[in-house]
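Please look through the sequence and the model below before reading on. The paragraphs that follow start with charged side chains, then turn to a sheet, and end with the confidence of the prediction.

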Amino acid sequence: MAGTTPLTASEASGNFTLSRDQFCDTLLVWFRQVFACRRAKAPMRLVRLQTPEGVVSGRYEDGVVTTDHGEYVVGRDGELTYPCSPSALYCVGRNYAETLDQMDYERPDQPDFFIKPPAALVGPDDPIRYPEWTEKLTYAGELVAVIDERCRDVDPDEVPEIVRGYTILNDVDALDQPGRTARKAFDTSGPLGPWIETDVDPYDMDMETVIDGEQRQDANTELMLFDPYEVVSYLSRRFTFRPGDAIAFGSPANPGTVEPGDTIEITYEGVGTLSNTVVASGE
């Protein structure tokens with residue numbers, strides 16, 4: 001064929017000779033391809049299903065959870081619960097300028113965080129119990145990253161490699177209690193779900209919170225003071241993350257409180273909707 005260089009006898013017999021530099025370059029390309037394949041995440045929704053026999057994990061599609069051992073129908077075989085089991089739920093506060101203005105907070109120089117205990121978690125559609133010791137219960141719709149592997153000291157540009165996907169938190173808060181832990185760490189104060197969406201970009205994402213049909217929050221993740229990758233990187237300098245750990249990025253301005261009977265629906269574009277209803281403490 002015109003323009004084709006004939007093979008030498010050595011090449012034709014398969015005896016190719018590479019210089020040391022060529023060999024190193026070829027090996028580097030191969031490793032990069034293998035690494036990219038390993039890191040590639042097929043788009044899916046990952047869930048945990050509470051069944052009479054225990055919790056199973058799998059992929060969710062059209063009301064069916066597919067696991068390594070079979071399929072489960074949501075509602076018939078069990079109910080969705082929070083989609084990961086974190087050793088800690090790291091929450092960033094004061095991460096929207098609008099919230100700073102509303103609450104009269106000073107602008108932080110670095111991410112301002114606190115930790116909710118796993119005992120606070122409940123899943124989608126689980127009730128939020130209104131504690132009898134507070135008279136001012138509020139909500140906060142937050143985007144959450146779920147960690148995929150044990151890691152520490154992660155650079156911002158490496159964050160996509162160690163994040164399994166994104167879900168939603170309702171950071172329930174008893175505003176009239178003294179101290180952040182007393183306000184935010186109690187039973188049912190951490191609704192999380194409905195699933196982990198693996199194929200989503202956390203930047204420029206619209207969100208809204210609707211309570212009984214009334215829109216209460218309306219914002220975009222571009223309005224964060226510290227973006228998701230900055231937050232994950234910052235916290236990774238202080239903590240060793242474990243698989244399943246959750247990092248919440250804060251909430252836009254919160255215009256009101258809730259009462260028993262209110263249904264809170266938090267939606268993040270590309271992720272889904274987390275819905276929970278507030279009930280009286282005795283119910």
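A salt bridge is counted when a side-chain nitrogen of Lys or Arg lies within 4 Å of a carboxyl oxygen of Asp or Glu. The structure is a predicted model, in which local features need pLDDT of at least 70 and side-chain atom pairs count only at pLDDT 80 or more, while totals for chains, interfaces and linings use all residues. Residues are numbered from 1 along each chain as its sequence is written, and side-chain values use heavy atoms, with hydrogens and water left out.

Across the whole structure, twelve salt bridges are found. In one of them, Arg183 and Asp173 meet through their side chains, with 2.5 Å from N to O. This pair links distant parts of the chain, since Arg183 belongs to helix 5 and Asp173 to strand 13 (residues 173-174), ten residues apart. Helices (H or I, at least four residues) and strands (E, at least two) are DSSP runs, numbered from the N terminus. Both Arg183 and Asp173 are buried, where buried means under 20% relative accessible area, exposed means over 50%, and partly exposed lies in between (1.4 Å probe, protein chains only). Salt bridges with shared partners join Lys116, Asp171, Asp173, Arg183 and Lys184 into one network.

Another salt bridge is formed by Asp112 and Arg180, whose closest N and O atoms are 2.7 Å apart. Asp112 lies in strand 7 (residues 112-116) and Arg180 in helix 5 (residues 180-184), so this pair ties together parts that are 68 residues apart in sequence. Asp112 counts as partly exposed because its relative accessibility is 21%, and Arg180, with a relative accessible area of 25%, is partly exposed.

Five strands form an open sheet with mixed pairing, in the order 9-19-18-15-16, where two strands pair if DSSP finds at least two bridges between them. At the edges are strand 9 (128-130) and strand 16 (214-220), each of which pairs on one side only. Within this sheet, strand 18 (residues 263-268) and strand 19 (residues 272-280) run antiparallel and are joined by six bridges; Ile264, for example, has Asn276 in strand 19 as its bridge partner.

How confident is the prediction, in terms of the mean pLDDT of the protein chain? The pLDDT, which is the predictor's confidence in each residue from 0 to 100, has a mean of 87 for the protein chain, and 82% of the residues reach 70 or more. Over residues 1-16, however, the pLDDT is below 50, and beyond near neighbours in sequence this stretch has four contacts in the model, a contact meaning heavy atoms within 4.5 Å.
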